[in-house]
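Visitor: I would like to go through this chain and ask where each label comes from. Please set the values against the definitions as we go.

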Amino acid sequence: MAPPAQNDTSPKELQDQAPGTENAPVYALIAVLVCTVALGATLILGGAVFAQIIPGMERFDSGEFVRWGMPIAKTVMDTAAVLTIGLMLMAVVLLGSDRGQLSPQAVGYVRAGTWTALAWVLGAVGTLYFQTAEFLGRRAGQVTVDEVTAFAGSIGSGVALMFVILITTGIALFGRTITTATGGLWLLVASLVAVTPPALTGHAASSGAHELAVTGLALHLISICAWVGGLVVVTYHAMRKDGQEPAVAAHRFSRMALWAYVGVAISGAASAMARLYSLDDLFVTEYGRIILVKIALFVVLGFLGYAHRTRVLTRIDAAPGGKVGYSFRRRSFLRLAGAEVLIMAAVMGVSVGLGRTAPPTPPTEGTLDPAAAILGFAIPPAMSLENVLTLWRPDLFFIMFVAVAAFLYLGGVRRLVKRGDKWPVGRTAAFLLGLLTIVAVQLSGFATYAMIMFSMHMIQHMVLAMVTPILLVLGAPVTLALRALRPAETRGDRGPREWLNAFLNSRFSQIVTHPAVAGPIFVFSPYALYFTPLFPTLMNDHLGHLFMGVHFLVSGFLFYWVIVGVDPAPRKVPFLLRILLLLVAMGFHAFFGIAIMEQATPMAMQYYGQFDIPWMTDQAADQYAGGGIAWALGEIPTVMVMLALVVQWSRDDERQERRRERHSRRGGSDDADMDDYNAYLAELDRRSRAAAGGASSGGAPAGAAPVGKGGKEVPAGEGPAGEGPAGEGPAGEAPESSAKD
């Protein structure tokens, strides 16, 4: 038998034979065909393209062109969104940067993202036009610009599309000038934000379980766009023979894709639960059968992703220099990635078709409590301890927040313990207790009754704004993250730790954590909310209610981070000023509660007046109780924070005393701060003398001499060298309270 033929082709020749970017248009065309076929099949299966005209209303039929044009325009919009997010992810997250500057290839991806953002704009404009035609019952060509403008300014779905058009237009314009990693990150954030407005209208906004449907669909869209877009661009990057570190980009995407896969699974399950009223709906309705198709495709994608992590990525690691250099390795990556892209194209087509398919109707339609249209649930029975403990609200946003925060925090603690470092148990207990308070007021029966009782809403508000933030702040999550996160593998690149440091030292962080900003936001926002029409407006919508909860939590966290925080911050606030700010804030909060109690008529009756609650007949009395709760609960956080401040002040004095003792043992005087100041003046004097012509350096006059106790001058150069002015450590280092790690 003849020996097997030997392959003498050199690695360079094999690399040249590998699929290159010249084949990308062919693969893109195949993906478009797959998406189109999946879209058409889903629309036919769901009946979305078949006219359902009431006899006598034929003249209001928008016609076949609108019925087909609407999902096609929506597909263009979604595809452009996926590509834009994928390109921004590649530029900012998957490719390395150099001290905050994007690499030339990353800048190229940002520029490409501006063109896909322009396509996103065009797709959104087309979708808006077809939605207007469908809403008015007009055929294509009969809708005027004024009618489209009116629809975009008054109807929820139209307003959402206008937000998309404005944001994506900004991305297309500003992206042409971006060359920094920070600028690219803002473009990525804007892209993710632009995906969410359509999720806030349509089936999600009208379904029964608002807490699951709205948040679930928003999370679903963000996860899918990051997953699909990232994979498409990573696949294209692997085709490039001059691609920048494709192995690094593939590994980073693999880690991100795992989180996206989990997000898609959770959000998809939540969305299905919000729209299906029984398990049978999965099999007997068109909507349910389309969901089963999506589930099957999702499982296949999970298998391919697992194959990527366990097989292909290990082969990429074996390539010389960490690059995909040999053709069989690149082909093995592209083979699986190409299959994933095609399946994801089919998923996108199915998803758009699912959005055009009517969900199952409620089994008790016609007998639902009218309040359910507003609340998402019927009026609960009379309030009792048993009902508070059993009538839980499955708010997906806060479920995810608590679960992810606990997972990341405990993961950080585990990493520190594993490498032999210590982390105070008290901090862990405080942080987890803070998360439990969120569970208590946002997920239990408190959340159910807070939607119809002002007193329960006020308990929810006070806990989120004045109890939860204190516990979270005392848990020192930023310090834990800085200690647990590993630095970027490449010097100058930005990983999670570097991004966190950049945020802490940013101008934005310095502004929002300034006492003159964090204090007024915390103190005056309740007045702006409850004593204006803003409160009933926000209460009437699930998103408004969600916004209030997040605002309470964030404003309280910022305020108490300044007052009692143990994390590194841009500035160190004196303890006397902290105490003064605390007392002033608590005084305003006490007055806020009294002002509510003294209201002559019930507040926000535009909202509360919509409900017929048989077991509560006096809205004014419930409001009076809510004001009393706001007044009384303000005392508890004051005591907690005051005790924490006293302990922190005492420990700070002990640290300062130990510092003075160490300084004295090194040969300094008994006044370390004065010695620091003398060293500072001596350094200024040395610089001024070294400058040409005796010019002053650093703002001090030439010949400035240190001073000692009583104002006596000390010869220049004396005192301990290498230390800065009072409050700083060794020269070149930041103060202990600085955000620099």
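Visitor: What makes the nonpolar surface patch, and what is its area?

Guide: In this predicted model, Leu 258, Trp 259, Val 262, Ile 266, Val 404, Phe 407 and Leu 408 make a nonpolar surface patch of about 640 Å². Patch residues have over 30% relative accessible area and no salt bridge, with nonpolar side chains (Val, Leu, Ile, Met, Phe, Trp, Tyr) joined within 5 Å. Areas come from the Shrake-Rupley method with a 1.4 Å probe, and for residues only the protein chains shown count as cover.

Visitor: Which helices supply at least two residues each of the patch?

Guide: Helix H10 (246–275) and helix H16 (396–418) do. H10 gives the most, with 4 residues. Helices here are DSSP runs (H or I, at least four residues), numbered from the N terminus.

Visitor: Why does Val 262 count as partly exposed?

Guide: Val 262 is found in helix H10. Buried means under 20% relative accessible area, exposed means over 50%, and partly exposed is in between. Val 262 has 39% relative accessibility, so it counts as partly exposed.

Visitor: Why does Gln 619 count as buried?

Guide: Its relative accessibility is 14%, and therefore Gln 619 counts as buried. Gln 619 is found in helix H29 (residues 619–633). Leaving aside neighbours within four places in sequence, Gln 619 is in contact (heavy atoms within 4.5 Å) with Phe 454, Pro 602, Met 605 and Tyr 608.

Visitor: What is the largest nonpolar core, and what makes a set of residues a core?

Guide: A nonpolar core is a set of buried Ala, Val, Leu, Ile, Met, Phe, Trp, Tyr and Cys residues joined through side-chain atoms within 4.5 Å. The largest has 79 residues, and Leu 375, Met 458, Phe 522, Tyr 530, Phe 535 and Tyr 560 have the most contacts inside it. A second, separate core of 77 residues includes Met 70, Met 256, Met 344 and Val 347.

Visitor: How many salt bridges are there, and what is the rule?

Guide: A salt bridge is a side-chain nitrogen of Lys or Arg within 4 Å of a carboxyl oxygen of Asp or Glu. By this rule the count comes to 8. Glu 64 and Arg 67 form one of them, with the closest N and O atoms 2.9 Å apart. The two are about one helical turn apart because they lie 3 residues from each other in helix H3 (residues 64–94). Glu 64 is partly exposed at 42%, whereas Arg 67 is buried at 9%.

Visitor: Which salt bridge links distant parts of the chain?

Guide: Glu 134 and Arg 356 form a salt bridge, their closest N and O atoms being 2.7 Å apart. Glu 134 is in helix H4 (residues 104–136), while Arg 356 is in the loop between helix H13 (327–355) and helix H14 (372–375), 222 residues apart. Glu 134 has 33% relative accessibility, so it is partly exposed.

Visitor: How do you know where the predictor is confident?

Guide: pLDDT is the predictor's confidence in each residue, from 0 to 100. The chain averages 79, and 80% of the residues score at least 70. Helix H17 (residues 425–442) is highest at 94, and helix H1 (residues 11–17) is lowest at a mean of 41. Local features need pLDDT of at least 70 and side-chain atom pairs 80 or more, while totals for chains, interfaces and linings use all residues. Residues are numbered from 1 along each chain as its sequence is written, and side-chain values use heavy atoms, leaving out hydrogens and water.

Terms used. Buried < 20%, exposed > 50% of the residue type's maximum accessible area, 1.4 Å probe, protein only. Patch = residues over 30% accessible without salt bridge, like charges linked within 9 Å, V, L, I, M, F, W, Y side chains within 5 Å.
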